[in-house]
Amino acid sequence: MAAITLQNLAHSYNPDSGADADYALKEVNHVWEDGKAYALLGPSGCGKTTLLNIISGLLTPTRGQVLFDGQDVTEASTADRNIAQVFQFPVVYDTMTVGENLAFPLRNRGMDKALISERVQRIAEMTGLEADLHKRARGLTTDLKQKISLGRGMVREDVNAILFDEPLTVIDPHLKWELRTQLKSLHQEFGHTMIYVTHDQTEALTFAEKVVVMKDGLVLQIGTPQELFERPAHAFVGYFIGSPGMNFLPVTVEGNSARLKDAAVTLTDDYGTPDGDLRLGIRPEFVRLTRQADGLPVTINHVQDAGRHKFVNATLFDSEINIAVDEGSQIGPDMTRVILDPEKISIFRDDWRLDGRPVDQVGGGAS
Ligand SMILES: Nc1ncnc2c1ncn2[C@@H]1O[C@H](COP(=O)(O)OP(=O)(O)OP(=O)(O)O)[C@@H](O)[C@H]1O
């Protein structure tokens with residue numbers, strides 16, 4: 001296992017143009033901790049695979065270095081980096097049995113037979129392949145073949161990292177949940193550094209301890225699922241994480257007061273007098289529908305049932321807002337106001353979250 005350092009790393013598939021827009025990966029500096037599970041999350045084309053391929057050695061970056069435990073591996077081949085990879089589609093040896101497929105990376109390294117058998121058994125148990133160990137891979141379903149690929153990716157204990165590129169895409173939806181859970185257990189048990197590429201937020205948030213959110217080649221935020229939910233660094237993170245995502249309302253801000261049209265909302269932090277394009281962000285879970293007269297006025301457009309919650313879509317001044325309401329709660333016709341939880345409000349300037357100063361610290365003799 002290894003810590004992976006990305007140092008001034010950037011990649012353009014057209015480096016001669018010199019244009020910033022041509023960079024599929026914009027400059028990133030970060031240390032990925034040894035033994036942690038990371039997910040690279042973002043929409044199609046945002047640069048996830050580019051970054052993964054630079055880490056695996058399939059691609060040499062235009063600029064910067066990749067270090068494994070402090071050692072520069074930027075020019076090293078994939079084999080020399082000592083990593084395991086699982087791709088979107090199964091890669092299995094059809095003429096071998098399931099067991100032989102799982103054992104292959106260990107046999108290749110001349111590992112002791114008894115240890116191989118013990119390890120293969122353990123991985124087969126964790127991936128649900130026990131009953132299939134003696135079957136030939138040819139003719140197995142795609143689900144089973146991808147389980148073999150996942151198992152083979154996890155079988156070696158001595159790898160620096162395991163990289164997964166959308167490994168559950170071909171898996172039947174009802175099996176996805178099961179495999180995700182098994183991958184998480186495998187990580188908890190074996191503690192490998194894992195990097196998992198996906199465009200599916202549920203996959204990223206359930207699998208990873210830290211999620212790297214990317215858009216247009218830029219790493220917008222690296223954080224725990226909770227940090228991404230509660231303190232999105234960029235409006236895109238607020239919008240992309242959560243279903244529905246964060247609400248955004250245009251505001252002007254002065255001190256700890258945000259003004260929406262002719263209403264004012266008191267904030268817990270003081271932001272001074274920021275300029276630029278300002279928006280107040282709040283998640284549907286922290287907006288309360290009420291009949292209280294001091295709330296902000298809304299007009300309800302429609303209500304959608306989503307299991308644990310109902311989501312009410314409404315118009316607040318000229319903006320659309322989603323409000324989460326507990327499943328059992330009644331929505332009365334006189335509930336035409338909303339209260340925004342001040343603790344959960346974020347202010348964004350030109351899409352980036354601003355850090356305010358807690359009101360009780362402002363004016364308290366600061367320099
Ligand atoms: N070999 C290549 N040559 C030129 N441009 C490329 C190449 N590979 C990727 N790109 C471009 O780089 C950008 C990032 O692509 P990348 O495949 O890394 O994104 P991604 O987030 O993995 O997308 P997806 O989820 O669709 O795989 C895209 O604009 C893509 O068109």
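Start with Ala 39. Leaving aside its neighbours within four places in sequence, Ala 39 is in contact with Tyr 196, Thr 198, Ala 204, Phe 207, Ala 208, Val 211 and Val 212. Two residues are in contact if their C-beta atoms, placed from the backbone, lie within 7 Å.

A word on the source. This is a predicted model: local features need pLDDT of at least 70, side-chain atom pairs count only at pLDDT 80 or more, and totals for chains, interfaces and linings use all residues. Residues are numbered from 1 along each chain as its sequence is written.

Ala 39 belongs to a nonpolar core. Such a core is a set of buried Ala, Val, Leu, Ile, Met, Phe, Trp, Tyr and Cys residues joined through C-beta atoms within 7 Å. A residue is buried if 20 or more other C-beta atoms lie within 10 Å of its own, exposed if 12 or fewer, and partly exposed in between; the C-beta atoms are placed from the backbone. The largest nonpolar core has 68 residues, and Ala 39 and Leu 40 have the most contacts inside it. Which strand gives the most to this core? Strand 3 (residues 37–41) does, with five residues. A second, separate core has 22 residues, including Leu 249, Leu 296, Val 298 and Leu 316.

Now take the whole protein. There are nine helices and 24 strands. Helices (H or I, at least four residues) and strands (E, at least two) are DSSP runs, numbered from the N terminus. The C-alpha trace spans about 75 × 50 × 40 Å along its principal axes. Of the 367 residues, 37% are buried. Among contacts with a separation of 6 or more, 66% join residues 24 or more positions apart.

The domain assignment gives domain 1 (4–236) and domain 2 (246–360). Such bounds come from an automatic or database domain assignment. The centres of the two domains, taken over C-alpha atoms, are 38 Å apart. Their contact takes six residues from domain 1 and nine residues from domain 2. On the side of domain 1 that touches domain 2, four residues are nonpolar, one is polar and one is charged. Here Ala, Val, Leu, Ile, Met, Phe, Trp, Tyr, Cys and Pro count as nonpolar, Asp, Glu, Lys and Arg as charged, and the others, Gly among them, as polar.

Next comes the ligand. Which residues are around the ligand? They are Tyr 13, Ala 24, Gly 42, Ser 44, Gly 45, Cys 46, Gly 47, Lys 48, Thr 49, Thr 50 and His 199. A residue counts as near a molecule if its C-beta atom, placed from the backbone, lies within 6 Å of it. Helix 1 (residues 48–56) gives the most to this shell, with three residues. By class, the shell has three nonpolar, seven polar and one charged residues.

In helix 3 (residues 98–108), the buried residues are Val 98, Gly 99, Asn 101, Leu 102, Ala 103 and Leu 106. These residues pack against helix 4 (113–127) and helix 5 (142–154). An α-helix has 3.6 residues a turn, so residues three or four places apart point the same way. Just after helix 3, Gly 110 takes a positive phi of about 65°.

Helix 5 is mostly covered: 10 of its 13 residues are buried. Among them are Lys 145, Ile 148, Leu 150 and Met 154. Their cover includes strand 6 (83–86), helix 3, helix 4, strand 7 (161–165) and helix 6 (173–190). From first C-alpha to last, helix 5 reaches 18 Å, close to the 18 Å expected at 1.5 Å a residue. The expected span is 1.5 Å times one less than the number of residues.

Glu 227 sits in helix 8 (residues 225–230). Is Glu 227 buried or partly exposed? Glu 227 counts as partly exposed, because it has 15 C-beta neighbours inside 10 Å. Glu 227 and Lys 210 are 17 residues apart in sequence and 9.3 Å apart in space, C-alpha to C-alpha.

Tyr 271 lies in the loop between strand 15 (269–270) and strand 16 (278–282). Tyr 271 has 19 C-beta neighbours inside 10 Å, so it counts as partly exposed. Leaving aside neighbours within four places in sequence, Tyr 271 is in contact with Val 253, Ile 347, Leu 354 and Gly 356.

Asp 360 is found in the segment after strand 24 (357–358). Asp 360 is exposed because 9 other C-beta atoms lie within 10 Å.
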